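I opened the model to look up how its parts are put together. My entries follow in the order in which I made them.

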Amino acid sequence: MGMTISEKILAKAAGRDRVSAGEIHTVDIDRLMSNDGTTHLTIDMFNTILKKPRIADKDKLVFIIDHNVPADNPKTAAAHKKMRDFAKEHEIAFYEGKGVCHQIMMEEYVRPGELIFGADSHTCTYGALGAFGTGVGNTDFLYAIVTGKSWVMVPHSLRFHLTGRFQEGVYPRDLILTIIGDIGADGATYKVMEFTGDGAKAMSINERMVLTNMAVEAGAKTGIFQPDEKTAEYLAACGREPKYLLESDPDAVYEKEYYYDLSKIRPVVARPDNVDDVVSVDEVKNVIIHQAFIGSCNSGRIEELRTAASILKGHKIHEGVRLLIAPASNTVYLQALQEGLLDIFMDAGAMIMNSNCSVCWGSCQGVIGEGEVLISTGTRNFKGRAGHKDSKVYLASAATVAASAVTGKIGGHR
Amino acid sequence: MKIEGRIWVLGDDIDTDIIIPTEYLALKSIEDMKKFAFSPLRPELAGSIRPGDIIVAGKNFGCGSSREQAPEIIKSLQVSCVIAKSFARIFYRNAINNGLLLIENAQLPDVATEGENITVSIGEFAEYQGVRYELSPLPRNLMEIIEAGGLVAAMRKRNGLE
């Protein structure tokens, strides 16, 4: 019986020839990322409860300040200082204000075949490069930095066969929202969402990230693609080598198979307050919006910024609408600047934010008020996610968000 | 081990932003945060929960972010366990690591009434209104973490701090 790519990565991490779904194994972690959402809590436990134990391997750690950057009040400033000082004392790689943590990890660290833990639920993003990334809480994270190890239950895999190509004006964002709408917010709980097929192979790494990033929104432990030529090109451009180039065996076992013809996907939105409440854009086209946001770990990369610019060019955003755009990293920000995209955004009346989590998580900047409606490329639309408990969040592609910002209502861009 | 508690009923997909909204994460301690638990959905709940109460919810309890404050707050409200149709996986790990007992059961959430009492024999069965509901035991290694009071307590033990 063959193994899936996920089982192969976990087998390597467990130092075994093979593992099977359902088994619990102790594994070595290749990389550990933590951001300012919870790192201060980990440091408190490290210092006060465990009395400053030895770190297993400081070179595996990456600390990234991206959730509340720049600090917006004395409390977050204190949390940042704690993180900054700890990183300096223990010689830990440290980034502040350079971009959204998962984007930085993709640009700087992730290698195919690695097992990566992040103290952030969207660590599942790294499967776009054929790594096994998964989110943990700060206690699991603390255990892993002190021991270099953790335990995992090997998950079952769901396979998504993607065929064909998107029609013009349809994006990976529409596909992943459609999939989550179909299988539900718990449709992949504890499982792996593996994406394959000619439609998957045709996607760029950035496009693959849009799918793997949202795997957790269906409850998955991770999302993953098998490394291929596009993976090799991305790594070469970043100057990195794969750890292991692994592929799923032809006789690997999947719990369930799903088939999606990309040419049949249509622009969709997820309605408040559930990520799996997905309907066509047309069904909500008269909903009045107050704010629009392009950014987060699901978006804000150069492709989305180019798409948004092509729609906003020569237009002004609607009176009464705020459009906030946060490029995913400073690398992306600079590229957008050089391509003239920022000029287009400013001409349209958008606010361009520094690279950070921004509006997506309802803190730091762009928080929405009572009764307000946000359309967003963010990851979640939970009740109160972006601000007041009686505000609403619709999730959509960057194209739909940009078009809606121009008309002031949720609407199509075609 | 047997526990008895008063039931609070919640629905499906109780996410981490409902358990503790982002705006309160900057508060200094779990003690400060806990009065805002579940506030977007039921602002009165945190103030009404008594030690030993039991939360009964639908599917996908704890979905969303990896914020560990979510299970910590439920634990600090002294909820004795959460019974749900299913749990989101990061929340599940975080809860065990903080010594919060989670019980999966498909039937109870459909019949449980708020304010009634339920008795749970851990790993064996739950008894509610004269009916027994079978419960599967947690793996031994996870039960040990819960019994130790969480993963950090287990680590302290291992490192000779306790």
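Helices (H or I, at least four residues) and strands (E, at least two) are DSSP runs, numbered from the N terminus. I note that this is a predicted model, in which local features need pLDDT of at least 70, side-chain atom pairs count only at pLDDT 80 or more, and totals for chains, interfaces and linings use all residues. Residues are numbered from 1 along each chain as its sequence is written, while chains are lettered from A and ligands numbered from 1 in the order in which they are written.

**Entry: helix 2 of chain A**

I call a residue buried if 20 or more other C-beta atoms lie within 10 Å of its own, exposed if 12 or fewer, and partly exposed in between, with C-beta atoms placed from the backbone. Which residues of helix 2 of chain A are buried? I found Thr39(A), Leu41(A), Thr42(A), Ile43(A) and Phe46(A). Their cover includes strand 2 (31-35), strand 3 (61-65), helix 3 and helix 5 of chain A. After helix 2 of chain A comes Lys51(A), and I read a positive phi there, near 55°.

**Entry: chain A as a whole**

I counted 13 helices and 18 strands in chain A. Chain A has a radius of gyration of 20 Å (taken over C-alpha atoms). Along the principal axes, its C-alpha atoms fill a box of roughly 60 × 50 × 40 Å. Of the 414 residues in chain A, 61% are buried. Taking contacts in chain A between residues at least 6 apart in sequence, I found that 77% join residues at least 24 apart.

**Entry: the two domains of chain A**

The bounds I used come from an automatic or database domain assignment. They divide chain A into domain 1 (5-260) and domain 2 (269-407). The centres of these two domains, taken over C-alpha atoms, are separated by 24 Å. Where they touch, domain 1 of chain A supplies 31 residues and domain 2 of chain A supplies 27 residues. On the domain 1 side, helix 4 (101-108), helix 6 (172-183) and helix 8 (205-213) of chain A each supply at least two residues. Helix 6 of chain A gives the most to that side, with six residues.

**Entry: the largest nonpolar core**

A nonpolar core is here a set of buried Ala, Val, Leu, Ile, Met, Phe, Trp, Tyr and Cys residues joined through C-beta atoms within 7 Å. The largest one has 189 residues, and Leu10(A), Ile180(A), Ala402(A) and Val82(B) touch the most other members. Helix 13 (residues 398-407) of chain A gives the most to this core, with seven residues. Both domains of chain A give residues to the core, so it lies between them. I then listed what Val82(B) is in contact with, beyond its neighbours within four places in sequence: Ile55(B), Ala57(B), Phe61(B), Ile74(B) and Leu102(B).

**Entry: Ile311(A)**

Is Ile311(A) buried or exposed? Ile311(A) has 22 other C-beta atoms within 10 Å, so I put it down as buried. It lies in helix 10 (residues 302-312) of chain A. Leaving aside neighbours within four places in sequence, I found Ile311(A) in contact with Ala399(A), Ala402(A), Ala403(A) and His413(A).

**Entry: strand 10 of chain A**

Strand 10 (residues 222-225) of chain A is covered on both faces. Thr222(A) and Ile224(A) are buried on one side, Gly223(A) and Phe225(A) on the other. I take two strands as paired if DSSP finds at least two bridges between them. Strand 9 (residues 192-196) and strand 10 of chain A run parallel and are joined by four bridges. Phe195(A) stands opposite Phe225(A).

For chain B I counted eight helices and seven strands. Buried residues are 49% of its 162 residues. Its C-alpha trace spans about 45 × 40 × 25 Å along the principal axes. The contact between the chains takes 37 residues from chain A and 33 residues from chain B. On the chain A side, helix 2 (39-49), helix 3 (74-89) and helix 5 (138-147) give two or more residues. Helix 5 of chain A gives the most, with four residues.

Conventions
Two residues are in contact if their C-beta atoms, placed from the backbone, lie within 7 Å. The radius of gyration is taken over C-alpha atoms; the globule rule is 2.2 Å times the number of residues to the power 0.38.
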